[in-house]
Amino acid sequence: MCDNNNTSCVNISSMLQPEDIFSRRCIWVNGPVIVGAGPSGLAVAADLKRQEVPFIILERANCIASLWQNRTYDRLKLHLPKQFCQLPNLPFPEDFPEYPTKYQFIEYLESYATHFDLRPKFNETVQSAKYDKRFGLWRVQTVLRSELLCYCEFEYICRWLVVATGENAEKVVPEFEGLEDFGGDVLHAGDYKSGERYRGKRVLVVGCGNSGMEVSLDLSNHNASPSMVVRSSVHILPIEILGKSTFELGVTMMKWMPVWLVDKTLLVLTRLLLGNTDKYGLKRPEMGPLELKNTVGKTPVLDIGAFSRIKSGKIKIVPGIAKFGLGKVELVDGRVLQIDSVILATGYRSNVPSWLKENDLAEVGIEKNPFPKGWKGKAGLYAVGFTGRGLSGASFDAMSVAHDIATSWKEDTKQQIKTVASRHRRCISHF
């Protein structure tokens, strides 16, 4: 299966089990394998490309940024100013608004991929990634599904593995007693597009984060009657304070003030602008919004209009769910609501534990390392977009990862590949 005239070809048949030789095409990658073609993966790849380091990007979907393209609602806009959301080495177009729409952000990402000539391998799902201690290499097994090839298996061998699938790869769908007997429409927020189909309906929105708030607002805008489940305390902040982004204001103050004082300042300003959120069923945590975000990763809600609907009663706040019944839900306070539909704004989780075998992010040290070193693990494993710091944090991680890999690659890899290639002829080389 290997072109013998390809001097980059490497034989690593001693790493393979007999069944692998016949079932999987083996590909040596003279550089890192990047898993995920979202903003994080694209950012790493672009910076590696700039430093002339070879790589491949594996993406299970058929497009870049599949979360943004396939699992976001129509009205979504970035909640932070564009300068905090752009990827390295290519700013947003000047004519884009301060808070780009999801369609503008997707356009930006596609132009980013085109600008840096990034070509992910689409429809290729990573089944497992395992570090082979005997050889000091990563073995990444994938399945490619396409109309042309139907089904094909590959194994990539590499020295570096970059996990860029993010923290939102899989929907979180909690189990509720009686939900199977509800009889109405049940949808995860990842599948929600618009409130148009819910006009005149009574909708229970489960979850009060940014998605839950924005879905409830969209439902209200389409003359539905949303009730939002709030089980715990939540920080809600205005998206702007005195015409300036609340996020930008917080970042600026943190350069000169401790976190607790920034939190106190933001909460005082929020109280002046929004009033007392507690009396509307939105009790604030004892810990400040930035400290809470830094400590446990819980993001404050940036209000874009939902709170005024809550104050007016157009969005109702209800406590936790006891159980569902046919066309109804019983709440923990004993009330029973008649409802037509349920939308689960219950968030997402990483899918890394399902395929990163024996070396989850915690075990290799990545999740144990605090910012700004949370991007580097052991044995050539890197992660981008897992520090809970949004797109700006992912960009920082991406540049750090690319620089670290490029340094190692330039020092070691070329000579090692020449040495190994002179001895072996088994594996198809990608480069």
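Is the crossing of α6 and α7 right-handed or left-handed? I started my notebook with that one, and the crossing turned out to be right-handed. A reminder to myself before going on: this is a predicted model.

**Entry 1: α6 with α7**

I looked up the geometry of this pair next. Helix α6 covers residues 246-254, and its axis comes within 9 Å of the axis of α7, crossing at roughly 145 degrees. Then I listed who touches whom. From α6, I noted T246, L249, G250, M253 and M254. From α7, the partners are V259, V262, T265, L266 and L269. Sorting these contact residues by class, I got seven nonpolar, three polar and no charged.

**Entry 2: α7 with α8**

I stayed with α7, which spans residues 259-274, and turned to its packing with helix α8, residues 289-296. Here I found an angle of about 130 degrees, with the axes 7 Å apart. How do α7 and α8 lie relative to each other? With that angle, they are therefore oblique. On the α7 side I wrote down V259, V262, D263, L266 and L267. The α8 side brings P289, L290, E291 and N294. By class, this contact has six nonpolar residues, one polar and two charged.

**Entry 3: α2 with α4**

My next stop was earlier in the chain. I checked helix α2 (residues 39-50) against helix α4 (residues 102-115) and read an angle of about 30 degrees, with the axes 11 Å apart. Angles under 35 degrees count as roughly parallel, so I can call α2 and α4 roughly parallel to each other. As for handedness, α2 passes α4 in a left-handed crossing. I saw P39, L42, A43 and A46 of α2 meeting F105, L109 and Y112 of α4. The class tally for this contact is seven nonpolar, no polar and no charged.

**Entry 4: a look for cavities**

How many cavities of 30 Å³ or more are there? I counted one. The volume of the largest cavity is about 50 Å³. Which residues line it? I noted H79, N210, M213, E214, V301, L302, D303, I304 and A306. To see which elements contribute, I looked for those with at least two residues in the lining: helix α5 (210-221) and strand β15 (301-303) each qualify. Last, I sorted the lining by class and found five nonpolar, two polar and two charged residues.

Conventions. Residues are numbered from 1 along each chain as its sequence is written. This is a predicted model: local features need pLDDT of at least 70, side-chain atom pairs count only at pLDDT 80 or more; totals for chains, interfaces and linings use all residues. Side-chain values use heavy atoms; hydrogens and water are left out. On a 1 Å grid over the protein atoms alone, a cavity is a set of points where a 1.4 Å probe fits but cannot get out, and a pocket is an open set with protein on both sides within 12 Å along at least five of seven lines; lining residues have an atom within 4 Å of a point. Grid points are joined across faces, edges and corners, and a volume is the space filled by probe spheres set on the points. Helices (H or I, at least four residues) and strands (E, at least two) are DSSP runs, numbered from the N terminus. Ala, Val, Leu, Ile, Met, Phe, Trp, Tyr, Cys and Pro count as nonpolar, Asp, Glu, Lys and Arg as charged, and the others, Gly among them, as polar. Axes are lines fitted to C-alpha atoms, for helices over the stretch in contact, and angles run from 0 to 180 degrees between N-to-C directions. Angles under 35 degrees count as roughly parallel, over 145 as roughly antiparallel, 65 to 115 as roughly perpendicular and the rest as oblique. A crossing is left-handed if the near helix is turned anticlockwise from the far one by less than a right angle, and right-handed if clockwise. Contact means heavy atoms within 4.5 Å.
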